[in-house]
Amino acid sequence: MKRKVIHPAPTERELTGPRYWRSLDELADTPGFREHLEREFPQGASNLDGVDRRQFFKLMAASFALGGIGLAGCRRPESYILPYGKSVEGLVPGLPLYFATAMPLRKSAIPLLAETHQGRPTKLEGNPTYAPHGGASSLLAQASVLDLYDPDRATAHTKNGAGLDVAGLNDLLASIGKNYSAAGGAGLAFLADESSSPTRAALVARLKAKFPKAIWAEYEPVQDEPPIMAAQAAFGQAVKPLYQFAKARRIVSLDCDFLAAESGSLYYSREFAKGRRVRTKDDEMNRLYVAESGFTITGGMADHRLRLASSHMVLLAAALASRITSNSDYAKFAEGLDVDPKWLDACADDLLANKGTSLVVAGAHQPAIVHVLAYAINAALGNIGETVDFVAVEPSGAATLADLAPAITAGQVKTLVILGGNPAYNAPADLEFATLLKNVPEVIRYGGYVDETSQLAGVHIAAAHYLESWGDARTVDGTIVPVQPMILPLFGGLTEIEVLARIAGEPTVDPYALVFNTITKIAGGDAQAAFNKLLHDGLLENSAYEKIPVEFSALRTGSLFASASKPAVFSKASLEVRFAADYKVDDGRFVNNGWLQECPDPITRLTWDNAILISPRLAKELGVDPKGSLFQVARRELADFDKGNENAFIAEVTVGGRKVRGPLHIQPGLSNYTIVLPLGYGRSAVGHVGLGTGFNAYLVRTSDASEFVPGATITVTSERMILANTQEHWSMEGRDLVREDNFDDFQRNPGYVHAIGLEAHSPPIYGEDGANMTPAERAAEGPKIRGNSLYVTPEFTGPQQWGMSIDLNTCTGCNACVVACQAENNIPIVGKDQVSRGREMHWIRIDRYYSSGSADNNDIPEDPQASVQPVACSQCELAPCEMVCPVNATVHDEEGLNVMAYNRCIGTRYCANNCPYKVRRFNYFDWNKRSIGHFYEGPLGPDGMPELLKMVKNPEVTIRIRGVMEKCTYCVQRIEGAKIQHKVKVAQAGDPADIVLPDGAVRTACQQACPVEAIVFGNILNPDSAVSKAKAQEQDYALLAYLNTRPRTTYLGKLRNPNPAMPDYTVPLSRKELQQHNGTPAEGEGSGDDKSPGDPNAVAPAAKIGGSS
Amino acid sequence: MSHIEDATAEAPAILAEVAPAHLPRPVLVANNRSFGWITEKICNIAEEKTPVWWWWCFGVACFVASFTVFGLIYLVSTGVGVWGHRNPVNWAWDIVNFVFWIGIGHAGTLISAILCLLRQKWRTSINRSAEAMTIFAVVCAAIFPVFHVGRIWYAWFLFPLPNSNLVWQNFRSPLEWDVFAVSTYGTVSVLFWYVGMVPDLATLRDRAVIKWKQIFYGVLAMGWRNSSRHWSNYEMAYLILAGISTPLVLSVHTIVSFDFAVSLIPGWHTTIFPPYFVAGAIFSGFGMVLTLILPLRAVYRLEDLVTQYHIDCMCKITLATGTMVGYAYAMEFFIAWYGANPNEGFAFINRAFGPYAWAYWIMITCNVITPQLFWFKKVRQNIPLVWILSIFVNVGMWFERFVIIATSLARDFLPSSWGYYSPSFVEIFTFFGTFGVFSVLFLLFIRFLPIMPMAEIKAVTPQADPHSGHDHH
């Protein structure tokens, strides 16, 4: 399905004609005809939101070309198009083309394939050529295509508020270079965000050579890579670690969210899943120890999770190091650590027993000393070169914001060029960056949005989105990847390298040429061929950072320990504040992205807002503990709910005299006295989407305490605000939804999932023999299968039967699938108000449950286990929704899909009521026609979607009108597309009977995005397909199977691998609750020492029930 | 019509020996009113000058009805989102109101048809207005399922009309059954009502002095000339319609209950629903009859026609059906426990003690406790109290539907999807407005049509009895 095709240059003929005309009027180009054309355009086209109509039409030239107006508007200027073969290779009108590009983010990048329809990118996929990611992509990458079409982007270059044309801008940029060249750049300063682009690095080097006195500073509010300084101290070299999680059998994370927040998280997730995945009882499974202050995605996957303040992580690291290395200094350093020594001993023993196959990782936000300790442990365990490699990185040599600030204060900076970032919003509060900028006579700002920083700058240069830019970047392992434009800049934005090249007075300012020159120099050989291959593959082979051997020396690190101070002890009066980048809006740069805003936070499930996260203990002490109702039948909620909306108290956090106000959210699993403040919200100068979302935690973040800070206080006000939380209830209520077991019990009892479900007590779902039949055979057997039902089963006569398997053991809950589905299936966003009314439209959602291990205790658990479960339409073979639809709008096809006929749906919503999985979504309003905030105005409100946003829609998926039901289709458009393609192929090969798609020919959007390959989709009739193999595993079970819905999506049970020697060893807490709930005692309750965990007799012998054929 | 007293003529001799105490039958028309008085009394209601209070009531009712009209205009123009529905509570007040009104509509046909077949003569005083109430309640009920759909302009998809798409209706869906059940019920109820009214319309025609009334009633009376042949055909038609209507009384609410019972949602998926819904419907129907007839009785001084005996009978039926409903509530709990399905068990515990417990206990109070007061004669004789209690019954039955629909949906299988539904103002006003719609129709009814079947009432008076005034013993 993937074809990577290089844009050919247009031929002379394409550029100029042939000219078609619709009437003689058009040929004559009479005013009357022009007027007629105007009138034909959609209502309101002349007052587009944010986009000049005329300009928009220019940009939409491609569609004009198809519309038959002629190719005169076709914009394929020669200079932008790459050389080509002979013809437009593979271009079939109506079919998408895929081009390789990459999304740069800080010091790494995610290689991507962009799906383009008629010249507009609509969907991004991971580039499968880049092996470490294996075609996966992240939440942010999935959502970034929406930013391209954001009508709130900076649409023009401006100078003092007035428009600046391209020529004027070019003159201005050139004049900077000219003005400062004489003084060697004195008075000129740059403040850029981090980048891995080799081209930018080269330009910066040349810039520095030309302006030796200029200041080049870089600032990123969020660190996602271990500090080079730590490696310098430990190894004496500028290296960075690259973890090989697949090889690690024991992993200890010291406040390290390597599955989501670290720069290599996509690669790490994938590798971690390799060590986590269990197919048979003979497989091995890694064990993850996580110590953390907040609750992260990584913490949710932990087998042993230790809640510990971030400041105390250094003590924990030292305590572990003292047990693992022979260095006695560490033990002394670890004094004051409030952790059960048994925990530490057992953890250390486990690591020591796995020398060379263990791994200790420290969070990027942790100070160098923690990283040094982690390196020390890894070195002592012989992990270096095994589970962790060190690669050489070039130090950027850039100054920091702290270096730049005094220069500005001293008046040494006359011209400041701010490239990207948004320092006025996210610089440390103590620098008072906004005030600082007033000391600079000329501020030139290059950015994609007119944001807080732009408002303080005289000149704003509109930046191009990466999908509009030529560029390059390096992935986490250093592989060079191209950033290739999919479309001309919609708003005439410039690329960063062009701006730099113009300031530097480079002879070449064309970004394409700049990238070409840089890459071909690195690649060597035939420049053109190498570059073409780069663009085709989406990466430069063998360009990864060099792995270099390192030697840990404790001697070098002595000074670090000498200068380290003892962390404080925390209490209600002296709290720790931890600043963390938000999972969705990152450091604030994605705050105007509706898909991300509406995507529930993987842990809190909040949308459209951030919240001050506090532990249940602190909540109790603050008196904000939700009371619950008089007779509590389900577990108490995490917050008071007002008509189903989280009604959060507003609290004020004071850190070092600075205050910030925000809503409180009680987060189980937090370190008792750590408050987590998610960054990135509360922007003041932002587009329509991000406006008014969340609070700005940067207000209390200072340069000396940018990651976590002690001594904070919190006061709770009586004010309240509504938070849009997509999951009101956190407990599984002792139900058999996520079926969990410990790995050691699983090895004895691999079919455990079948013994703990409600269906274990019902007659076999598929009858006595049905389990071994194909769906078609079962359908033919009909009523005999079970219960002599009168109803006719759909026949399932198709040559292939679709099914899906979701591995709960590897799913981290990262949400990439949720947004991938949104992008693929044109799922609208509905806004905070509608989300809080329970009307979010996601076709796949991730349920997150906490378990405390006690079904009777109504309290909010302080130390829960989290279990996540992606739920989309299960495509039930006996679908309850189909039975109740009065108009036959939802029916089955012969390949097992439960299909929705939107045109037939009248919207009784009966199907949604009768869906036990609650995956059907109703169009309560015209989400696509009306705009957020105006839904209730109906036809009197403004027509919604800006034309620009329509461009991101996938043309292969219908936009749903109000009043119809929608749901997951297993990406039926992809299935049908693949079928057509296969048909064409086999017809050419002369075997038209071959109508079965090869395994893997169709990948659903969620499956394709999933970094941990938890989702497997395919033909369940083929016993060799990946999905059949997954479903054949013993831990395969169907959610709510006892209802006899026979879902085609089944789950693989979740496994935890706790260490029996640990004091907190326990059977999975959700399992415990389930057994308490159902009256059977939990095995191995309490400490694992006194009772053999998972006695095979404790649960009924596994009977294979249901599952796939 | 045969008379029970006739039977005494051929009574076995033993009766004379044992000499059973003579139990006087309560009179159905008090004060020994004459035929003429009855005709005058009932016709006069339609013939008199429109009373001022009527205009006031009509004005208020129109105003209230406009809430429904505007609510529906807003709904259709903007989307179902103007109501408070959400995932997972995709049905709420719309279907609650539908079932509520349909339930109310049950008493009329029950009184007309079943009591007719059972020869319960006391039905004559109340059957006309109860039938009218049925029809108007069905009108109100029909508003909700029609307008609650997302795309009302395609609501005709529900009907099996030939079309080029070759898409047929799904006859497995209880909603499709509803379409037929409710429309049949509505049609038969109208016919029954109208057929029963024909002799009285003829009376009004004959008495009319104004031209348009003569035409109006003349057309409606369809040439009724009071001949024996007419009467003979009329009685037969009425009996057949009663026979047709009787199963409908049971079927409509059974099928409405299938909307829930046939689904798999815990709290809905319950086999007790059909009888329980029918009992509840009769309960609410009688509650509504009482609510309407008592003021009517007071305003038009109809105490002689709607006697204490009538009220007693209605109170007793309310008591009986209310107790049945209470039994059903208890049985639901028992089965949920006995069935040992944890999801089922939770659904019921959650009803009583979960976030919607307030609604549940309102329901229990109004539906189970209130009717128990009718055990006491003093209560039954206290007309204002009966009227208040009848309102309690109406409220309780509305809450019963709310409890069944909303609480079951709000917390079903997956706790991750649990939610709490609360109505929007639009919903509240739309529902409120249907009382206006109902009142408008009912006011028009009492203004223009004979609110009581004169012919039938006369038939149950002592004067109609050929042995009237004679001593049989």
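At what angle do helix 8 (residues 198-210) of chain A and helix 20 (residues 496-503) of chain A pack, and how far apart are their axes?

## Basis

This is a predicted model: local features need pLDDT of at least 70, side-chain atom pairs count only at pLDDT 80 or more, and totals for chains, interfaces and linings use all residues. Residues are numbered from 1 along each chain as its sequence is written, chains are lettered from A and ligands numbered from 1 in the order in which they are written, and side-chain values use heavy atoms, leaving out hydrogens and water.

## Helix packing in chain A

Helix 8 and helix 20 of chain A pack at about 15°, with axes 10 Å apart. That makes the two helices of chain A roughly parallel (angles under 35 degrees). Helices here are DSSP runs of H or I, at least four residues, and strands are runs of E, at least two. The crossing of helix 8 and helix 20 of chain A is left-handed.

Helix 8 of chain A contributes T199(A), R200(A), L203(A), V204(A) and L207(A) to the contact (heavy atoms within 4.5 Å). Helix 20 of chain A brings E496(A), I497(A), L500(A), A501(A) and I503(A). By class, this contact has seven nonpolar, one polar and two charged residues.

## A buried loop residue in chain B

T124(B) sits in the loop between helix 5 (106-117) and helix 6 (127-147) of chain B. Its relative accessibility is 4%, so T124(B) counts as buried (buried is under 20% relative accessible area, exposed over 50%, partly exposed in between, with a 1.4 Å probe and protein chains only). Neighbours within four places in sequence aside, T124(B) is in contact with P453(B), E456(B), I457(B) and V460(B).

## Salt bridges

Over all chains, the structure holds 67 salt bridges (a side-chain nitrogen of Lys or Arg within 4 Å of a carboxyl oxygen of Asp or Glu). D859(A) and K620(A) form one, at 3.4 Å, N to O. These partners are 239 residues apart. D859(A) is partly exposed at 28%; K620(A) is partly exposed at 43%.

R635(A) and E1073(A) meet at 3.1 Å, N to O. R635(A) lies in a loop and E1073(A) in helix 37 (residues 1069-1077) of chain A, so the pair ties together parts 438 residues apart in sequence. R635(A) is buried at 3%, and E1073(A) is buried at 2%.

## Across the chains

D94(B) and R909(A) meet in a salt bridge at 2.9 Å, N to O. D94(B) lies in helix 4 (residues 93-104) of chain B and R909(A) in a loop of chain A, so the pair joins two chains. Both D94(B) and R909(A) are buried.

Technical notes. Axes are lines fitted to C-alpha atoms, for helices over the stretch in contact, and angles run from 0 to 180 degrees between N-to-C directions. Angles under 35 degrees count as roughly parallel, over 145 as roughly antiparallel, 65 to 115 as roughly perpendicular and the rest as oblique. A crossing is left-handed if the near helix is turned anticlockwise from the far one by less than a right angle, and right-handed if clockwise. Ala, Val, Leu, Ile, Met, Phe, Trp, Tyr, Cys and Pro count as nonpolar, Asp, Glu, Lys and Arg as charged, and the others, Gly among them, as polar.
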